[in-house]
Amino acid sequence: MIRPATSVDAAWITDLWNAVIDGSLITFTTVPKTQAGIAELITTRPVFVLSDQGGFATYGPFRDGPGYSATVEHTVMLAPHAQGQGQGRALMTYLMDHGREAGKHIMVAGISGANPGAVAFHERLGFQQVGHMPEVGRKAQQWLDLIMMQKHLNPPDSAAHTR
């Protein structure tokens, strides 16, 4: 079951996120998340969780400025026990539906080149690669590529664009 996150979820979300930060190259972040920071995130952004503490998904601003207000960047993370069961797809579908209903137009994914599984996952959800930035991240003494993908949440009406 997917539901909105509450402050009660902050502890396990922090633990999950920090395990990814500490143990992988799929995020370029090296600074651990804090429970207080996650609790604040839950109050300022849409954050949805799997009820079995199997993962979470959220989105927030892509860039500052009013011209970008309809474009969001997302994060989705699954605990090891939830992977390979379609729960990531369910979370992302829920997140994209929420964004669509909130009037968001584009959802962006910034994916580490060290995470080809995430590229394939996003492709299956209809995201398209729109950029590949070689060696823009650095973690664990390695240069890492950033792959940018995006999906139209509210695709333009093709008939309106053929005039």
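User: Where is the place of Gln 141?

Analyst: Gln 141 sits in the loop between strand 6 and strand 7. Helices (H or I, at least four residues) and strands (E, at least two) are DSSP runs, numbered from the N terminus. This is a predicted model, so local features need pLDDT of at least 70, side-chain atom pairs count only at pLDDT 80 or more, and totals for chains, interfaces and linings use all residues. Residues are numbered from 1 along each chain as its sequence is written, and side-chain values use heavy atoms, with hydrogens and water left out.

User: Does accessibility class them as buried, partly exposed or exposed: what do Gln 141 and Ala 140 count as?

Analyst: Use the cut-offs: buried is under 20% relative accessible area, exposed is over 50%, and partly exposed is in between (1.4 Å probe, protein chains only). Gln 141 counts as exposed, at 68% relative accessibility. Ala 140 is partly exposed, at 46%.

User: Now a strand residue. Is Met 149 buried or exposed?

Analyst: Met 149 is buried, with a relative accessible area of 1%. Its place is in strand 7, residues 142-152.

User: Which residues does Met 149 touch?

Analyst: Contact means heavy atoms within 4.5 Å. Residues up to four places away in sequence are not counted for Met 149. Those that Met 149 touches include Met 107, Val 108, Ala 109 and Ile 111. Val 119, His 122, Glu 123 and Phe 127 are among them too.

User: How many residues apart in sequence are Met 149 and Glu 123?

Analyst: They are 26 residues apart in sequence and 8.6 Å apart in space, C-alpha to C-alpha. Glu 123 belongs to helix 4, residues 116-124. At 47% relative accessibility, Glu 123 counts as partly exposed. For Glu 123 and Lys 151, 28 residues apart along the chain, the C-alpha separation is 9.5 Å.

User: In which strand is Ile 106 found?

Analyst: Ile 106 is found in strand 5, residues 106-112. Ile 106 is buried, at 7% relative accessible area. Again leaving out residues up to four places away in sequence, Ile 106 touches Ala 70, Thr 71, Val 72, Gln 150, Lys 151, His 152 and Leu 153. The C-alpha atoms of Ile 106 and Leu 153 are separated by 5.5 Å, while the two are 47 residues apart along the chain.

User: What does helix 1 reach from its first C-alpha to its last?

Analyst: The expected span of a helix is 1.5 Å times one less than its number of residues. Helix 1, residues 10-23, has 14 residues and reaches 20 Å, close to the 20 Å expected. Among its buried residues are Trp 12, Ile 13, Leu 16, Trp 17, Val 20 and Ile 21. The buried residues of helix 1 pack against helix 2 (35-44), strand 2 (47-50), strand 3 (55-61), strand 4 (71-78) and strand 6 (128-139).

User: Which loop holds Val 31?

Analyst: Val 31 lies in the loop between helix 1 and helix 2. Val 31 counts as exposed, at 58% relative accessibility. The C-alpha atoms of Val 31 and Ile 21 are 10 residues apart along the chain and separated by 7.6 Å.

User: Zoom out. What pattern does the protein follow along the sequence?

Analyst: The pattern is β-α-α-β-β-β-α-β-α-β-β. The secondary structure comes to 4 helices and 7 strands. The radius of gyration is 16 Å, close to the 15 Å that the globule rule gives for 163 residues, so the protein is as compact as a globular protein of that length. That radius is taken over C-alpha atoms, and the globule rule is 2.2 Å times the number of residues to the power 0.38. Of the 163 residues, 40% count as buried.
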